[in-house]
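Please walk me through this model in the viewer, one selection at a time. For each stop, say what to select and what is found there.

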Amino acid sequence: MRDLTEERLADAVVERLANIPDARARRVLSALVQHLHAFAREVELTEAEWKLGIQFLTEAGQISSGTRQEVILLSDVLGLSALVDSINHRVPQGATESTVLGPFFVEGAPNLPNGADLTEGVDTSTAPGEPTWVNGRVLTLDGAPIADAAVDVWQTRPDALYDVQDDDHAMQMRAQFRTDAEGRFFFKTYKPVSYPVPKDGPVGGLLDLIGGHGMRPAHIHAIASAPGYRRVVTHIFPAGDEYLDSDTVFAVKDSLVADFREVTSAEEAARLGMPSPFLEVDFDFRLVPQA
Ligand code: BEZ
Ligand code: FE
């Protein structure tokens, strides 16, 4: 194995990978090497560019921590997270589509009863929130209710931050609900707001280079799950958000966009314990049976 040509180099590396016992690992790594080499050959990568790439990845690793994951953010802004999500969660027509999990999910959100108020304790002195009532059901593909399904939700506060972005990380605006006998869940919250992805690391530099706004359209994150069904990790996007067509992480799907309509009935507000007027959104999850 000497005097390898530019074209033969990748094959020589792949031949060496033949010793990897696991067939899937061998396949994935071999394809990765072939594509990396093909990329370098195609653009005739200069040494300065290669060094810059290595410096970028090094900085992404160095800024990452238990609460900050710059490499996932890189995958997000390159569309790779959305692609991997799509490949792994193909669903039949009518099922709720998935989208990226994002970095702000935390285990152990409080189990709250239906009707709970996620706005409690949220400081709105810098940004007043828009009180919103969320109604939804968890259903089979035929539209039958799924009782006792779990619905995890988390979202930004009106100040465009997630609780975990505070120094004290006290939980806010996240909960897990259980559906009732009709498959229903409902709660009070603030309308989510659009927000910038973290831009103080190397990925922020990349976004500046692209000239991108670095914004995500407003959304409520949700995970719906029930025994015997495939769990769906998704978002509910308010219709009309200015970033729906330019999401920094390419995660918007039309089927996940919902109307947050204004309710002006004072009677309805009183019945739900909402101020008047308020916003209301309906969003049903349709789960696919486990194979
Ligand atoms: C999020 O939706 O929480 C998110 C997703 C990808 C990158 C940054 C934030
Ligand atoms: Fe988010």
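In which loop is Pro-277 found? Select Pro-277 in this predicted model: the residue belongs to the loop between α7 (266-272) and β11 (278-282).

Next, go to Asp-3. This residue is in the segment before α1 (6-17). Check its backbone: Asp-3 is not a glycine, yet its phi is positive, at about 50°.

Now colour by domain. The domain assignment gives two ranges to select, 6-45 for domain 1 and 74-286 for domain 2.

Ligand 1 sits in the largest cavity. There are 13 residues around ligand 1, and those that come nearest are Asp-76, Tyr-195, Arg-216, His-219 and His-221. Colour the shell by class to see 7 nonpolar, 4 polar and 2 charged residues around ligand 1.

- Tyr-195: one of its polar side-chain atoms is 2.7 Å from an oxygen atom of ligand 1.
- His-221: an N or O atom of its side chain lies 3.0 Å from an oxygen atom of ligand 1.
- His-219: here the distance between a side-chain N or O atom and an oxygen atom of ligand 1 is 3.1 Å.

On its own, ligand 1 has 260 Å² of accessible area, and the protein covers 100% of that.

Methods
Residues are numbered from 1 along each chain as its sequence is written. Chains are lettered from A and ligands numbered from 1 in the order in which they are written. This is a predicted model: local features need pLDDT of at least 70, side-chain atom pairs count only at pLDDT 80 or more; totals for chains, interfaces and linings use all residues. Side-chain values use heavy atoms; hydrogens and water are left out. A residue is near a molecule or strand if one of its heavy atoms lies within 4 Å of it. A polar contact is a pair of N or O atoms within 3.5 Å; within protein, one must be able to donate a hydrogen and the other to accept it, and residues adjacent in sequence count only if both atoms are side-chain atoms. Accessible areas come from the Shrake-Rupley method with a 1.4 Å probe; for residues, only the protein chains shown count as cover. On a 1 Å grid over the protein atoms alone, a cavity is a set of points where a 1.4 Å probe fits but cannot get out, and a pocket is an open set with protein on both sides within 12 Å along at least five of seven lines; lining residues have an atom within 4 Å of a point. A molecule sits in a cavity or pocket if more than half of its atoms lie within 2 Å of its grid points. Ala, Val, Leu, Ile, Met, Phe, Trp, Tyr, Cys and Pro count as nonpolar, Asp, Glu, Lys and Arg as charged, and the others, Gly among them, as polar. Domain bounds come from an automatic or database domain assignment. Helices (H or I, at least four residues) and strands (E, at least two) are DSSP runs, numbered from the N terminus.
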